Amino acid sequence: CQMYQLISLLLGLAVSVTWACVRTWASWAWVLQDISGICVILTILMFLKLPSLRIACILLPLIMMYDVFFVYIQPLIFHNER
């Protein structure tokens, strides 16, 4: 385990635990959730090692459709609006 991996792990845990503790009452908790989502998408894109710009341009709208589904459509299907 290298030092940057340990620092990344601790930073990720700090963001996740902070979000889990304050998500119900803090108005700024959405920022932590967005940061976590961006990190997940970047990790996936780094893991895939995209061979061309064409594939990246195809994945970008797919990622956007994924986001639109979970933000707007999923609550309508599963009726979990607050």
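This briefing describes the fold, surface and helix packing of one protein model. The model is predicted, so local features are given only at pLDDT of at least 70 and side-chain atom pairs only at pLDDT 80 or more, whereas totals for chains, interfaces and linings use all residues. Residues are numbered from 1 along each chain as its sequence is written, and side-chain values use heavy atoms, with hydrogens and water left out.

**Overall fold and extent**

- The protein has three helices and zero strands, where helices are DSSP runs of H or I with at least four residues and strands are runs of E with at least two, numbered from the N terminus.
- Read from the N terminus, the order of elements is α-α-α.
- The protein is more spread out than a compact globule, because its radius of gyration is 16 Å, well over the 12 Å that the globule rule gives for 82 residues; the radius is taken over C-alpha atoms, and the rule is 2.2 Å times the number of residues to the power 0.38.
- The C-alpha trace spans about 40 × 40 × 20 Å along its principal axes.

**Surface and burial**

- Of the 82 residues in the protein, 9% are buried, a class that means under 20% relative accessible area, with exposed meaning over 50% and partly exposed lying in between (1.4 Å probe, protein chains only).
- The accessible surface comes to about 7300 Å², and 74% of this belongs to carbon and sulfur atoms; the areas come from the Shrake-Rupley method with a 1.4 Å probe, and for residues only the protein chains shown count as cover.

**Packing of α1 against α2**

- Helix α1 (residues 3-22) packs with helix α2 (residues 29-48) at an angle of about 145°, and their axes are 9 Å apart; axes are lines fitted to C-alpha atoms over the stretch in contact, and angles run from 0 to 180 degrees between N-to-C directions.
- On the α1 side the contact is made by Val15, Thr18, Trp19 and Val22, and on the α2 side by Ala29, Leu32, Gln33 and Ser36, contact meaning heavy atoms within 4.5 Å.

- Leu32, found in helix α2, counts as buried at 12% relative accessibility, and, leaving aside neighbours within four places in sequence, Leu32 is in contact with Val15, Thr18 and Trp19.
- Leu32 and Lys49 are 17 residues apart in sequence and 26 Å apart in space, C-alpha to C-alpha.
- Gly12 lies in helix α1 and is partly exposed, with a relative accessible area of 33%.
- Gly12 and Cys39 are 27 residues apart along the chain, and their C-alpha atoms are separated by 9.2 Å.
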